[in-house]
Amino acid sequence: MEEFKVQTAKHPVPNSSPMRPHSEHPKDHAAKRLSSASNGMSDGGAGAKTPVEITALEESFRRFAIHGDTRATGKDMNGKNWSKLCKDCGVIDGKGITLTDVDIVFSKVKSKSARTITYSQFKEALEELARKRFKDKSSEDAAQELYRMIEGKSPVISGVTRAVASPTVSRLTDTTKFTGSHKERFDETGRGKGKAGRVEVVDASGYVSGYKHAGSYEKKVSKPPQKPM
């Protein structure tokens, strides 16, 4: 008899879906989204990425947030940079808003145990200051007015501090007025003598110390004799 091999057909199991590759697991996908968000990108259809538009106000927030701190990410801002932003952008006018007002608003909007504020808390703080700065305008118009003062701005880097000439310092650094052993450390031009001014060097020339005509005898002895006429 002929032997027949019976093959069983493979039927798809209902309510089943093909297994995802390891790279497409939910955790990896979430990490990918966070990475895209930090780079200013968002996931679009069919795996495409579209840039997330950053407003001019948020761009200024990030510039001031990372000012003076190489480890800052630009996602939050400390109190020092917040005060600098309000000063550099003209939010503090000395009348309606002072530096004290800026510090109070910062403490009001930040979290209880936090030392920084987020971008949303930053906008909330600006709205608080706007109502105080522009009292004759509505809350919305006042906030927009304050936003325009900050948009596109960057931290102002001050120049190098110049040393102020002081009579006391000038007197202490004037070598012509030094006395004693300190005077011996400098020459007539005020330049240091180095080791010669700090260590006593033994003079073995045979002349008395301080003799002005040292070396004149050698010149006379070494002078060739004149021939008789």
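1. Glycine 215 is found in the loop that runs between helix H8 (180-183) and helix H9 (216-221), where helices are DSSP runs of H or I with at least four residues, numbered from the N terminus. With a relative accessible area of 23%, glycine 215 is partly exposed, on a scale in which buried means under 20%, exposed means over 50% and partly exposed lies in between, using a 1.4 Å probe and protein chains only. Its C-alpha atom and that of serine 205, 10 residues apart along the chain, are separated by 8.6 Å.

2. On the basis of the note: this is a predicted model, in which local features need pLDDT of at least 70 and side-chain atom pairs count only at pLDDT 80 or more, while totals for chains, interfaces and linings use all residues. Residues are numbered from 1 along each chain as its sequence is written, and side-chain values use heavy atoms, with hydrogens and water left out.

3. The largest nonpolar core holds 29 residues, of which Trp82, Phe122 and Leu129 touch the most other members; such a core is a set of buried Ala, Val, Leu, Ile, Met, Phe, Trp, Tyr and Cys residues joined through side-chain atoms within 4.5 Å. Two or more residues of this core come from each of helix H2 (56-65), H3, helix H4 (99-109), helix H5 (119-133) and helix H6 (139-150).

4. Leaving aside neighbours within four places in sequence, tryptophan 82 is in contact with Met77, Val102, Phe106, Ile117, Phe122, Ala125, Leu126 and Leu129, contact meaning heavy atoms within 4.5 Å. Serine 83 lies in helix H3 (residues 79-88) and counts as buried because its relative accessibility is 15%. With the neighbours within four places again set aside, serine 83 is in contact with Ile92, Leu99, Val102 and Asp103.

5. There are four aromatic pairs, where rings of Phe, Tyr and Trp (its six-membered ring) pair if their centres lie within 6.5 Å, with planes under 30 degrees apart counted as stacked, over 60 as edge-to-face and the rest as tilted. The rings of phenylalanine 61 and tyrosine 119 have centres 5.4 Å apart and planes at 65°, so this pair is edge-to-face. The pair links distant parts of the chain, since phenylalanine 61 belongs to helix H2 and tyrosine 119 to helix H5, 58 residues apart. Phenylalanine 61 is buried, with a relative accessible area of 1%, and ring pairs link Phe61, Trp82, Tyr119 and Phe122 into a cluster.

6. The structure holds nine salt bridges, each a side-chain nitrogen of Lys or Arg within 4 Å of a carboxyl oxygen of Asp or Glu. One of them joins aspartate 88 to lysine 84, with the closest N and O atoms 3.1 Å apart; because these two residues are four apart in helix H3, about one helical turn separates them. Aspartate 88 counts as partly exposed, at 24% relative accessibility.

7. Glutamate 145 forms a salt bridge with lysine 137, the closest N and O atoms being 3.4 Å apart, and another with arginine 148, at 2.8 Å between the closest N and O atoms. Glutamate 145 and arginine 148 both lie in helix H6, three residues apart, or about one turn of the helix. Elsewhere, salt bridges that share partners join Lys108, Glu128 and Arg131 into one network.

8. Lysine 137 is partly exposed, with a relative accessible area of 36%, and lies over the face of phenylalanine 134, at 5.3 Å from the ring centre. A charge sits over a ring here if NZ of Lys or CZ of Arg is within 6 Å of the ring centre and within 35 degrees of the ring normal.
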